[in-house]
Amino acid sequence: MGTLPKNPIEAQGMLIKAFYEKFGKDALSIIKDVCKKQGRSLGLKIKNKLQNNKLSTVATAFSKSYNPNDIKIVELSDEKFQIQGNRCPFGLENTSRELCEAVMEIDAEYFRTAVNENIQLKIIKTVAAGDEYCDTIYNFKNK
């Protein structure tokens, strides 16, 4: 049976990796589309729970879903949220940057939905591409 996932996110990651391994780059647009829908759904839920939709408020709520030992918040303001992680919750380590980018549509769409459609995600580093840690920035376009 192989390795069992520790949680639903790891199970989702196992499915995504298997799909990507079987279909390669042809799978990326499907993965991206489904992950974007998941992000929109999660973004709508958090937007309805929070008292405001400022980037700092949404980012604080977002950060609480992670083990504090796995992440480091580099910057948190209403203009910019930068977070670094030492492991991928989906288990995408050493797969590919393009797979990371497709799966990260979850988080990108989460922030676009919960904060503002002008939020952009920049992936500076990713463990999926073999980097030592992930480094991502969410900020407003044209800033």
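The lining of the largest pocket in this predicted model comprises, by class, 22 nonpolar, eight polar and four charged residues. The volume of this pocket is about 790 Å³, and among its 34 lining residues those closest to the centre are Phe62, Ser65, Tyr66, Pro89 and Asp107. Several elements contribute to the lining, with at least two residues each coming from helix 2 (28-49), helix 3 (55-63), helix 4 (97-103) and helix 5 (105-114), as well as from strand 2 (80-85), strand 3 and strand 4 (134-140).

In soluble globular proteins, nonpolar side chains tend to be buried together. In the present model, the largest nonpolar core consists of 34 residues, within which Ile31, Phe81, Leu99, Val103, Phe111 and Tyr138 have the most contacts. Helix 1 (8-23), helix 2, helix 3, helix 4 and helix 5 each provide at least two residues of this core, as do strand 2, strand 3 and strand 4.

Aromatic side chains were examined next. A search of the whole structure returns ten aromatic pairs, one of which joins Phe62 and Tyr110, whose ring centres are 5.4 Å apart and whose planes meet at 50 degrees, so that the pair is classed as tilted. Because Phe62 belongs to helix 3 and Tyr110 to helix 5, this pair ties together parts that are 48 residues apart in sequence. Both partners fall under the 20% limit for burial, since the relative accessibility of Phe62 is 7% and the relative accessible area of Tyr110 is 8%. A further pair, formed by Phe81 and Tyr138, is stacked, with a distance of 5.8 Å centre to centre and 20 degrees between the planes. As Phe81 lies in strand 2 and Tyr138 in strand 4, the pair ties together parts that are 57 residues apart in sequence, and both Phe81 and Tyr138 are buried.

The surroundings of Phe81 extend beyond its aromatic partner. When neighbours within four places in sequence are left aside, the contacts of Phe81 include Leu55, Ala59, Phe62 and Ser63, and also Ile73, Phe111 and Tyr138. Ile73, by contrast, is found in strand 1 (residues 71-76) and counts as partly exposed, at 38% relative accessibility. With the exclusion of neighbours within four places in sequence, Ile73 is in contact with Ser63, Phe81 and Gln82. Between Ile73 and Ala11, which are 62 residues apart in sequence, the C-alpha to C-alpha distance is 26 Å.

Lys125 was considered separately. This residue lies in strand 3 (residues 119-125) and is partly exposed, because its relative accessible area is 31% and thus falls between the limits of 20% and 50%. Apart from neighbours within four places in sequence, Lys125 is in contact with Asp131, Tyr133, Cys134 and Asp135. The C-alpha atom of Lys125 is separated by 9.7 Å from that of Gly85, the two residues being 40 residues apart along the chain.

Technical notes. Residues numbered from 1 in each chain as written. Predicted model: local features only at pLDDT ≥ 70, side-chain atom pairs only at ≥ 80, totals over all residues. Heavy atoms only, no water. Helix = DSSP H or I, 4+ residues; strand = E, 2+ residues; numbered from the N terminus. Buried < 20%, exposed > 50% of the residue type's maximum accessible area, 1.4 Å probe, protein only. Contact = heavy atoms within 4.5 Å. 1 Å grid on protein atoms, 1.4 Å probe; cavity = no way out; pocket = protein on both sides within 12 Å on 5 of 7 lines; lining within 4 Å. Points joined across faces, edges and corners; volume = space filled by probe spheres on them. Nonpolar A, V, L, I, M, F, W, Y, C, P; charged D, E, K, R; others polar. Core = buried A, V, L, I, M, F, W, Y, C linked by side-chain atoms within 4.5 Å. Phe/Tyr/Trp six-rings, centres within 6.5 Å; stacked < 30°, edge-to-face > 60°.
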